[in-house]
Amino acid sequence: MTPTRPPHAEFRLFLPGLLPHLQKRLQEMVLATKPDHETTQDLYILSNQDHMHNVKIRQDHLKMKKWLGQTPEGFDIYQPYYKFAFPVSQSHVKEILSTLGLTIPLEASFYDKETFLALLEKHDSLRTRQVLKTRHKFILDGTMCEFAAIQSENRTIDSFCCESTDPKAVAKVIHQLGLTFALNTNYVEALKTL
């Protein structure tokens with residue numbers, strides 16, 4: 001698979017009641033950048049054997065971000081890959097399953113969404129989580145930021161993310177926002193505890 005963009009350092013946190021706090025601190029900066037507002041419905045694929053890679057289905061596309069490690073600051077390093085429209089080829093399905101820690105015999109040359117989900121249901125180590133996100137994306141000091149309200153299985157939690165190819169820029173934003181106390185948590189870890 002070909003990456004969609006270079007690897008980036010990502011800091012993310014999940015905390016109830018976070019959005020009002022951030023909106024107060026970010027109001028002038030965020031309004032100045034005209035943030036994008038987006039609501040998405042994602043189906044995350046979670047594996048008992050993998051806690052870091054991000055695999056999901058959004059709008060009939062299969063998307064994956066590979067986890068490459070951490071920066072010295074403790075930020076996750078992710079490599080985003082192209083999103084694939086269903087039907088997805090056997091080779092791409094094989095790579096995605098391998099990323100999730102599984103080796104599964106595949107018979108079909110292509111997998112539509114229903115067949116792919118049926119394949120996942122056969123394995124106890126895999127499960128899916130439906131997630132509704134209302135996201136606001138904006139640029140702050142050269143970093144891509146997002147705050148979001150996330151709903152999953154009748155629970156709602158707030159999330160903030162800052163990412164950049166420059167980990168020092170991410171660290172600067174976290175310090176500016178007074179979030180140095182917060183634990184960096186990726187989506188997969190968060191969904192497994194929600």
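Helices (H or I, at least four residues) and strands (E, at least two) are DSSP runs, numbered from the N terminus. The structure is a predicted model, in which local features need pLDDT of at least 70 and side-chain atom pairs count only at pLDDT 80 or more, while totals for chains, interfaces and linings use all residues. Residues are numbered from 1 along each chain as its sequence is written, and side-chain values use heavy atoms, with hydrogens and water left out.

**Overall build**

In the protein chain there are five helices and 11 strands. Its radius of gyration, taken over C-alpha atoms, is 17 Å, close to the 16 Å that the globule rule (2.2 Å times the number of residues to the power 0.38) gives for 194 residues, so the chain is as compact as a globular protein of that length. The C-alpha trace spans about 55 × 35 × 30 Å along its principal axes.

Of the 194 residues, 47% count as buried, where buried means under 20% relative accessible area, exposed means over 50%, and partly exposed lies in between (1.4 Å probe, protein chains only). If a contact is taken to mean heavy atoms within 4.5 Å, then among contacts between residues at least 6 apart in sequence, 65% join residues at least 24 apart.

Most residues other than glycine have a negative phi, and most peptide bonds are trans. Two residues that are not glycines have a positive phi, and the table sets out their values.

| Residue | Phi | Relative accessible area |
|---|---|---|
| Q59 | about 50° | 65%, exposed |
| N154 | about 65° | 86%, exposed |

Q59 is found in the loop between strand 3 (54-58) and strand 4 (61-70), whereas N154 has its place in the loop between strand 10 (143-152) and strand 11 (155-164).

Which peptide bond is cis, with omega near 0°? The bond in question runs from F86 to P87, and P87 is placed in the loop between strand 6 (84-85) and strand 7 (88-89).

Leaving aside residues up to four places away in sequence, H61 touches K56, K83, F84, A85 and F86. Although H61 and P87 are 26 residues apart in sequence, their C-alpha atoms are 8.9 Å apart in space.

E95 has its place in helix 2 (residues 90-99) and, at 23% relative accessibility, also counts as partly exposed. Between E95 and P80, which are 15 residues apart in sequence, the distance in space is 14 Å, C-alpha to C-alpha.

**Cysteines**

How many disulfides does the structure hold? With a disulfide defined as a pair of cysteine sulfur atoms within 2.5 Å, the count comes to zero. The sulfur of C145 has its closest cysteine sulfur in C162, at 3.9 Å, which is too far for a bond. The sulfur of C161 likewise has its closest cysteine sulfur in C162, but at 7.0 Å, again too far for a bond. C145 counts as buried, at 2% relative accessibility, and C161 counts as buried at 2% relative accessibility too.
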